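Good morning, everyone, and thank you for making time for this short talk. Please have a look at the sequence and the structure before I go on.

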Amino acid sequence: MSCRANPRHLRDDDMNICLYGSGSRKIDKTYTDEAYKLGCRMAEEGHTLVFGGGYTGMMGACARGVHDNDGKSIGIAPEWIGDFEPLCTECSRFIYVDSMDERKREFLNNSDAFIISPGGIGTLDEFFEIITLKKLKKHDKEIIVFNINNFYDTMLRMIDEMGQKGFLYKQEEIFKVAEDIDGIFKNLRK
């Protein structure tokens with residue numbers, strides 16, 4: 001897949017955008033193709049990808065899209081994560097941490113916005129922590145759920161039900177949902 005773009009010159013509104021997503025090698029190509037296109041668009045727009053440093057799955061596909069289009073990336077991971085998945089060697093910068101908690105802190109410290117792409121337990125852990133921190137006013141960064149092929153519909157219904165039944169203290173918009181890449185970038189510009 002190719003989507004070669006001409007990256008524009010950096011501007012004041014260039015962001016470090018953190019992508020949460022699966023590193024699994026078993027993901028259907030429909031999802032990884034979208035992640036690759038997202039990486040292409042990030043490079044084209046001059047944004048830097050911040051991610052878990054993996055070379056496979058959603059993370060790896062997005063990173064390849066960024067790197068194939070001369071974009072920048074920051075990988076963040078403990079060195080031992082390489083025992084579970086290969087690490088990306090093309091990152092502009094790699095931050096090695098000791099734990100997954102430290103990794104999440106570095107994601108927050110090094111990012112201006114967050115995109116939640118399809119993933120598993122680790123992605124859900126990252127998503128719920130980042131929205132909890134926003135709800136507790138520890139940051140005010142944009143969070144966008146990238147709902148490729150309605151992947152997150154069940155989770156979104158559950159969150160709505162929690163609000164309807166009073167389990168969420170104050171129902172407010174703490175994240176947005178985008179069905180496609182254009183939707184992500186519209187939300188980032190608001």
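What you see is a predicted model, in which local features need pLDDT of at least 70 and side-chain atom pairs count only at pLDDT 80 or more, while totals for chains, interfaces and linings use all residues. Residues are numbered from 1 along each chain as its sequence is written, and side-chain values use heavy atoms, with hydrogens and water left out.

Two packed helices are described by the angle between their axes and the distance between the axes. Helices here are DSSP runs of H or I with at least four residues, strands are runs of E with at least two, and both are numbered from the N terminus. The axes are lines fitted to C-alpha atoms, for helices over the stretch in contact, and the angles run from 0 to 180 degrees between N-to-C directions.

Let me begin with helix α1, residues 29-45, and helix α2, residues 57-67, which pack at an angle of about 35° with their axes 6 Å apart. By class, their contact has 11 nonpolar, four polar and one charged residues, where Ala, Val, Leu, Ile, Met, Phe, Trp, Tyr, Cys and Pro count as nonpolar, Asp, Glu, Lys and Arg as charged, and the others, Gly among them, as polar.

Next, α4 and helix α5, residues 153-164, have axes that come within 14 Å and cross at roughly 35°. Here L124, F127 and F128 in α4 meet M155, M158 and I159 in α5, contact meaning heavy atoms within 4.5 Å. That contact divides into six nonpolar, no polar and no charged residues.

How do α3 and α4 pack? Helix α3 (residues 100-109) and helix α4 (residues 121-135) lie at an angle of about 55°, with axes 11 Å apart. That makes α3 oblique to α4, because angles under 35 degrees count as roughly parallel, over 145 as roughly antiparallel, 65 to 115 as roughly perpendicular and the rest as oblique. The contact is made by R103, K104, F107 and L108 of α3 and D125, E126, E129, I130 and L133 of α4, and by class it has four nonpolar, no polar and five charged residues.

Finally, to the second largest pocket. Its lining takes at least two residues each from β1 (16-20), α3 and α4, and the largest share, five residues, comes from α4. The lining residues divide into eight nonpolar, eight polar and five charged.
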